[in-house]
Amino acid sequence: MTSARSRAGVSFKIFGSSKTKMATNQLKRYFLNKMIDFDDAQLSKYQMTKDVLKKKVLEIINRIFDRQRTSVHECDGGLYVGITGVAYMCYYVGLREAFDSYRFDWLEKAEDYLNKVIAYIEHPRYRGEISLKSSFLLGNAGIYSTSALVMNELGEKERYDTYINNFARLACVMLPINLLKNGSDEFFVGRAGYICGALNLNRHLKKEIIPLEHLHELCKSIVHSGRRYAQEHQSPTPLMYAYYDTEYIGAAHGISAILQMLIATPNFLDNHPDMEEDIKATVDYLVSLKLPSGNYPCAMDEVDSPRPEQEELVHWCHGAAGIVYLLARAFLRWHEEKYLQACLDCGELLWSRGLLRRGPGICHGVAGSGYVFLMLYRLTHHTKYLLRAHAFASFLFTEEFKRARTPDSPYSLFEGLSGTACFLADLMYPEKAAFPFFNVFD
C-alpha cells in the first residue's frame with residue numbers, strides 16, 4: 001500500500017549503496033525464493049543466532065537515529081509513516097531483555113520524537129480533520145497512545161495522565177455510526193484502529209485504561225454499521241464495510257481487520273451471541289473467497305473478476321499476509337480446522353511469494369511476510385515456521401535484496417526499517433513475537 005502521506009525522492013538503498021535499477025522481472029512483485037525448504041535440517045542453515053540478530057538490530061536502529069529527520073513533514077503520517085512510529089519502535093524493541101542497557105536512551109530518543117509531534121498537532125495552525133484527530137494509525141489517537149506508553153516508562157506521570165486522557169476522550173468521538181463520510185470502521189482511521197490502540201494500551205499497561213464497556217459500545221457501532229451497509233447494498237454476508245466506496249477485504253482498510261478487532265475485544269462475543277453469529281458467518285464467507293494460490297482478493301469487486309495470479313497483492317495491507325491474523329483469531333475462537341488450514345495455506349503462499357521487492361517493511365515488505373511465520377510458529381509450535389522466519393530475516397542482508405525498492409518512508413514503522421527492527425527483535429524471542437498491534441494470542 002502506498003500512503004497518501006508517503007514521501008518520494010529518497011535515492012539511497014536500505015541495506016547497501018547499490019543504485020542498480022531492476023532491468024528484468026519488472027512486473028514481478030517478489031524475488032524468487034531459492035532457499036531450501038525440504039526439512040528442518042535444511043532450513044536451519046539460515047538460522048541466525050541471538051548475538052547476530054542483536055547486532056543487526058543495533059545497526060538498523062543506529063542508522064535510523066543517524067538519518068531520520070524530525071522536520072514538520074516527518075511529524076505527519078502518524079504511526080504508519082511518521083516519526084511517531086519510530087518512537088513506538090524505540091519503546092517496543094526496548095522492552096526486549098537483550099536491549100536493557102539501551103532502553104533508557106531509546107526512550108529518551110522516543111520522547112524527543114514525540115515532543116516534536118505533539119507540538120505539531122497542538123499548534124494553532126494544525127487543522128487536522130476529524131478522521132486524523134481520532135485516527136489510530138494515521139493520527140492523534142496513535143500519537144497519544146504511544147506518548148502515554150513512553151511517558152509511563154519514563155515515570156513522567158503528569159504527561160502520562162494527559163496523553164491517556166486525550167486518548168480516552170476520543171472513544172466518544174468514535175461512537176456515531178456515520179462518523180466519517182468515507183467509512184467509519186476500518187483500521188487506519190476508523191473504529192477498528194481505535195479499538196486496537198485501546199487493547200494495546202490495556203495489554204501493555206496491564207489494566208483497563210479504556211473500560212471494556214466503552215470498547216463494547218464501539219464494537220456494537222461497528223456491527224450496526226456493517227449490518228446497515230450489508231442490507232443497503234444487498235451484500236452476500238451479514239456484515240460488510242466500504243472505505244471510499246470500495247469494499248476492501250484486507251487488513252489496512254478492509255473487513256478482515258475490522259472483524260479481527262471484534263473477535264479480539266474481551267467478552268464482546270460472549271455477551272452478544274447474535275452479533276457473534278453474524279461475525280462468524282462473515283468470516284466463513286471470507287474463507288470461501290480464498291484463491292487457488294492461497295491468497296485473497298483485495299476487494300469485493302475482484303471476487304468475480306480476479307486479478308491474474310502474477311498481479312495478486314501478497315501484503316499485510318492487501319492480501320494473505322494481513323488476512324491470516326483474522327483467520328488465526330477465528331481458529332483460536334471457534335477451533336474449526338478450516339481456519340487453521342486457511343492460515344497454513346497463507347504460510348505456503350508467503351514462503352513462495354513473500355520476498356517482496358517493495359522493501360524491508362511490515363506493511364508490504366519482507367519483514368511483514370516474516371511476521372506471518374512467527375505467528376504460525378506460535379500457533380502450531382512447528383519449528384519449520386520459525387526457521388522460515390529466520391530465512392526471510394537472513395534474506396534482508398543479501399546482495400540480491402539490495403535490488404529491492406527503497407520505501408518512500410525508509411525509516412518508518414510500517415514501510416521501513418523501524419518495522420524491520422521490531423521483526424528482528426521479535427525473532428530473538430519467538431515465543432512472544434507478534435506483528436505490531438496484531439497480537440492474536442492476547
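This is a predicted model: local features need pLDDT of at least 70, side-chain atom pairs count only at pLDDT 80 or more; totals for chains, interfaces and linings use all residues.
Which residues does Ser 418 touch, not counting residues up to four places away in sequence?

Residues are numbered from 1 along each chain as its sequence is written, and side-chain values use heavy atoms, with hydrogens and water left out.

View 1. Ser 418 sits in helix 19 (residues 417–428); helices here are DSSP runs of H or I with at least four residues, numbered from the N terminus. Ser 418 is buried, at a relative accessible area of 0% (buried means under 20%, with a 1.4 Å probe and protein chains only). Its partners are Ile 64, Gly 85, Val 86, Met 89, Tyr 411, Ser 412 and Leu 413, where contact means heavy atoms within 4.5 Å.

**View 2. Helix 2 beside helix 6.** The axes of helix 2 (residues 50–67) and helix 6 (residues 100–121) come within 13 Å and cross at roughly 30°; axes are lines fitted to C-alpha atoms over the stretch in contact, and angles run from 0 to 180 degrees between N-to-C directions. The two helices are therefore roughly parallel (angles under 35 degrees). Helix 2 brings Lys 54, Leu 58, Ile 61, Ile 64 and Phe 65 to the contact, and helix 6 brings Tyr 102, Trp 106, Lys 109 and Tyr 113. Among these residues, seven are nonpolar, none polar and two charged (Ala, Val, Leu, Ile, Met, Phe, Trp, Tyr, Cys and Pro count as nonpolar, Asp, Glu, Lys and Arg as charged, and the others, Gly among them, as polar).

**View 3. Helix 14 against helix 15.** Helix 14 (residues 273–288) and helix 15 (residues 320–334) pack at about 130°, with axes 11 Å apart. Glu 276, Ile 279, Lys 280, Val 283, Leu 286 and Val 287 of helix 14 meet Leu 326, Leu 327, Ala 330, Arg 333 and Trp 334 of helix 15. This contact divides into eight nonpolar, no polar and three charged residues.

**View 4. Helix 12 under cover.** In helix 12 (residues 255–264), ten of ten residues are buried, including Ile 255, Gln 260 and Ala 264. The buried residues pack against helix 10 (191–205), helix 11 (212–232), helix 13 (268–271), helix 14 and helix 15.

How values were computed: Angles under 35 degrees count as roughly parallel, over 145 as roughly antiparallel, 65 to 115 as roughly perpendicular and the rest as oblique. Buried means under 20% relative accessible area, exposed over 50%, partly exposed in between (1.4 Å probe, protein chains only).
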